[in-house]
Amino acid sequence: MKKVLFLGDSNTWGYDPRGYFQRYDLTYIDYLNDLVPGWIFFEDAINGRLLRDVKEDTFDLDSIDLFCVMLGSNDLIHYYDVDQILSFMHELIDSMDKRKLLILCPPILQFDEFRDESMKLNEAYKVMGVPCLDCNPLDMSFDGVHLSEKGHKELGIKIAEYMNCLLYTSDAAD
């Protein structure tokens, strides 16, 4: 069984803004575990996590087949600019095996104040020279920051399609 670790924030954790520190019953990670056979997906997610702080974290990636990162939204909300966030991402990933890495573009923030910067960040992630998947648009909750239940399902399906295509392509090459 191959292993995928998702590093994320409250959207990866499955935060449900309808309650205090409440989590959805099913997150995109749960959907992936049902949709992509032969792989196990798990998360290291902290509500409010800033990409800026992750360089302090250590991850044992030797036993991981794919490391996925979906971060940057909280950094935007804390008024870091796109160039600073890209620098934080580089600090995290530059020493990693790029064949075992996938950047997921975070959901577009739905506040006027952050929407344009959120889109700019995702566009910048796409040209970093590492595999990057943009699943936007996704259904968002009423707060404009967090995925809705439907958004989690949409994200799980879109990542599963990417993974299944990737697996099909790599199997065909073998």
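Reply: Start with L32. Setting aside residues up to four places away in sequence, L32 touches F6, F41, G156, I159 and A160. This is a predicted model, so every value here is computed from its coordinates. L32 sits in helix α2, which spans residues 28–35. Its relative accessible area is 0%. That falls under the 20% cut-off, so L32 counts as buried. L102 is 70 residues from L32 along the chain. The C-alpha atoms of L32 and L102 are 15 Å apart.

Now the surface. M1, I40 and F42 make a nonpolar patch of about 310 Å². I40 belongs to strand β4, residues 39–45. The relative accessible area of I40 is 37%, so I40 is partly exposed.

Next, a histidine in a loop. H146 lies between β7 (132–133) and α7 (149–173). H146 is buried, at 10% relative accessible area. Its side chain has polar contacts to consider. One, at 2.5 Å, joins the side chains of H146 and D143. Another, at 2.9 Å, runs from the side chain of H146 to the side chain of S10. Beyond its neighbours within four places in sequence, H146 is in contact with S10, N11, Y15, P17, M140 and S141.

Then the charged pairs. Side chains of opposite charge can pair when their charged atoms come close. The model has 10 salt bridges. Take R18, among the residues involved. The side chains of R18 and D16 meet in a salt bridge, 2.7 Å from N to O. R18 is exposed, with 53% relative accessible area. D16 is buried, at 1%. R18 also forms a salt bridge with E149, with an N to O distance of 3.4 Å. This second pair links distant parts of the chain. R18 is in the loop between β2 (15–16) and β3 (22–23), while E149 is in helix α7, 131 residues apart. E149 is partly exposed, at 42% relative accessible area.

A further salt bridge joins D134 and K126, whose closest N and O atoms are 2.9 Å apart. D134 is partly exposed at 27% relative accessibility. K126 is partly exposed too, with a relative accessible area of 36%. As for networks, salt bridges that share partners join D16, R18 and E149 into one.

Last, the cysteines. A disulfide is a covalent bond between the sulfur atoms of two cysteines. The count here is 0 disulfides. C105 is in none, and its nearest cysteine sulfur, that of C132, is 3.6 Å away. C105 is buried, at 2% relative accessibility. What about C165? The closest cysteine sulfur to that of C165 is in C135, 13 Å away, which is too far for a bond. C165 is partly exposed, at 48% relative accessibility.

Note on methods: Residues are numbered from 1 along each chain as its sequence is written. This is a predicted model: local features need pLDDT of at least 70, side-chain atom pairs count only at pLDDT 80 or more; totals for chains, interfaces and linings use all residues. Side-chain values use heavy atoms; hydrogens and water are left out. A disulfide is a pair of cysteine sulfur atoms within 2.5 Å. Buried means under 20% relative accessible area, exposed over 50%, partly exposed in between (1.4 Å probe, protein chains only). Helices (H or I, at least four residues) and strands (E, at least two) are DSSP runs, numbered from the N terminus. A polar contact is a pair of N or O atoms within 3.5 Å; within protein, one must be able to donate a hydrogen and the other to accept it, and residues adjacent in sequence count only if both atoms are side-chain atoms. Contact means heavy atoms within 4.5 Å. Patches are made of residues with over 30% relative accessible area and no salt bridge: like charges are joined within 9 Å, nonpolar side chains (Val, Leu, Ile, Met, Phe, Trp, Tyr) within 5 Å. Accessible areas come from the Shrake-Rupley method with a 1.4 Å probe; for residues, only the protein chains shown count as cover. A salt bridge is a side-chain nitrogen of Lys or Arg within 4 Å of a carboxyl oxygen of Asp or Glu.
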